[in-house]
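Please read this briefing with the sequence and the 3D view side by side.

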Amino acid sequence: MSTDHRALAYLVLAAANTLSEAIHAGVVARGFGDVRPAHGFAFVRLAPSGATVGQVAEHLGVTKQAASQLVEELTRKGYVASQPHPRDARARLVTLTERGWACTRAADAAAAEAVARWAAVLGEDHVTAMVADLARVAAPGRLRPTW
């Protein structure tokens, strides 16, 4: 691997970390100080129409027990609710509450602010090109934390 390839790998990971930290700081500043970045990754899976605990576990790359504990925590904090699954009598569907949606909107706004700061440094044309380039190489699908 060339030096430029190593530098790119490091910088993409550092940029992702910087973005994650900026989003979390923005969420906290907007009044959601009781969430962790990992909660946001679960919210991504729960929006727009909910998921089972098993689906949350698969999305996050954790055990069902760990996902169940996360869902219980988010339920206690008022971010999610569960109800009988409409198509599977054995499962429960976990969905975002209004508080969960408000937190999601806060994260979206914080992400937009963070990217706007990048655009101020790089220019809109570079950000547009970066989006196109990363879309070509990034695997679509799950966004999950690296535990």
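Leaving aside its neighbours within four places in sequence, which residues is Tyr 79 in contact with? Tyr 79 is in contact with Phe 32, Asp 34, Val 35, Phe 43, Leu 74, Thr 95, Leu 96, Thr 97, Arg 99, Gly 100 and Cys 103, where contact means heavy atoms within 4.5 Å. The model is predicted: local features need pLDDT of at least 70 and side-chain atom pairs count only at pLDDT 80 or more, while totals for chains, interfaces and linings use all residues. Residues are numbered from 1 along each chain as its sequence is written, and side-chain values use heavy atoms, with hydrogens and water left out.

**The chain as a whole**

- The chain has six helices and two strands; helices (H or I, at least four residues) and strands (E, at least two) are DSSP runs, numbered from the N terminus.
- Along the sequence, the pattern is α-α-α-α-β-β-α-α.
- Taken along the principal axes, the C-alpha atoms fill a box of roughly 50 × 35 × 25 Å.
- Of the 147 residues in the chain, 27% are buried; buried means under 20% relative accessible area, exposed over 50%, and partly exposed in between (1.4 Å probe, protein chains only).
- Among contacts with a separation of 6 or more, 55% are between residues 24 or more positions apart.

**The nonpolar core**

- In soluble globular proteins, nonpolar side chains tend to be buried together.
- The largest nonpolar core has 20 residues; such a core is a set of buried Ala, Val, Leu, Ile, Met, Phe, Trp, Tyr and Cys residues joined through side-chain atoms within 4.5 Å.
- Phe 32, Leu 46, Val 56, Tyr 79, Val 80 and Cys 103 have the most contacts inside this core.
- Two or more residues of this core come from each of α2, α3 (53-60), α4 (64-76), β2 (92-96) and α5.
- The element that gives the most to this core is α4, with four residues.
- Phe 32 sits in the loop between α1 and α2, and it counts as buried because its relative accessibility is 9%.
- Phe 32 and Arg 90 are 58 residues apart along the chain, and their C-alpha atoms are separated by 33 Å.

**The largest pocket**

- The largest pocket holds about 1900 Å³ of space.
- On a 1 Å grid over the protein atoms alone, a cavity is a set of points where a 1.4 Å probe fits but cannot get out, whereas a pocket is an open set with protein on both sides within 12 Å along at least five of seven lines; lining residues have an atom within 4 Å of a point.
- Grid points are joined across faces, edges and corners, and a volume is the space filled by probe spheres set on the points.
- The lining has 45 residues, and Ala 16, Leu 19, Ser 20, Phe 41 and Leu 143 lie nearest the centre of the pocket.
- At least two lining residues come from each of α1 (3-29), α2 (37-46), α5 (98-122) and α6 (124-137).
- The most lining residues, 13, come from α1.
- By class, 32 lining residues are nonpolar, seven polar and six charged; Ala, Val, Leu, Ile, Met, Phe, Trp, Tyr, Cys and Pro count as nonpolar, Asp, Glu, Lys and Arg as charged, and the others, Gly among them, as polar.

- From its first C-alpha to its last, α1 reaches 38 Å with 27 residues, close to the 39 Å expected at 1.5 Å a residue; the expected span is 1.5 Å times one less than the number of residues.
- The buried residues of α1 are Ala 22, Gly 26 and Val 27, and they pack against α5.
- Just after α1, Gly 31 has a positive phi of about 100°.
- The end C-alpha atoms of α6 are 20 Å apart, which agrees with the 20 Å that its 14 residues should span at 1.5 Å a residue.
- α6 is hardly covered, with one buried residue among its 14.

**Single residues**

- Ala 47 and Pro 48 are joined by a cis peptide bond, with omega about 5°; Pro 48 is in the loop between α2 and α3.
- Lys 64, in helix α4, counts as exposed because its relative accessibility is 59%.
- Ala 81 is in strand β1 (residues 80-84) and is partly exposed, with a relative accessible area of 28%.
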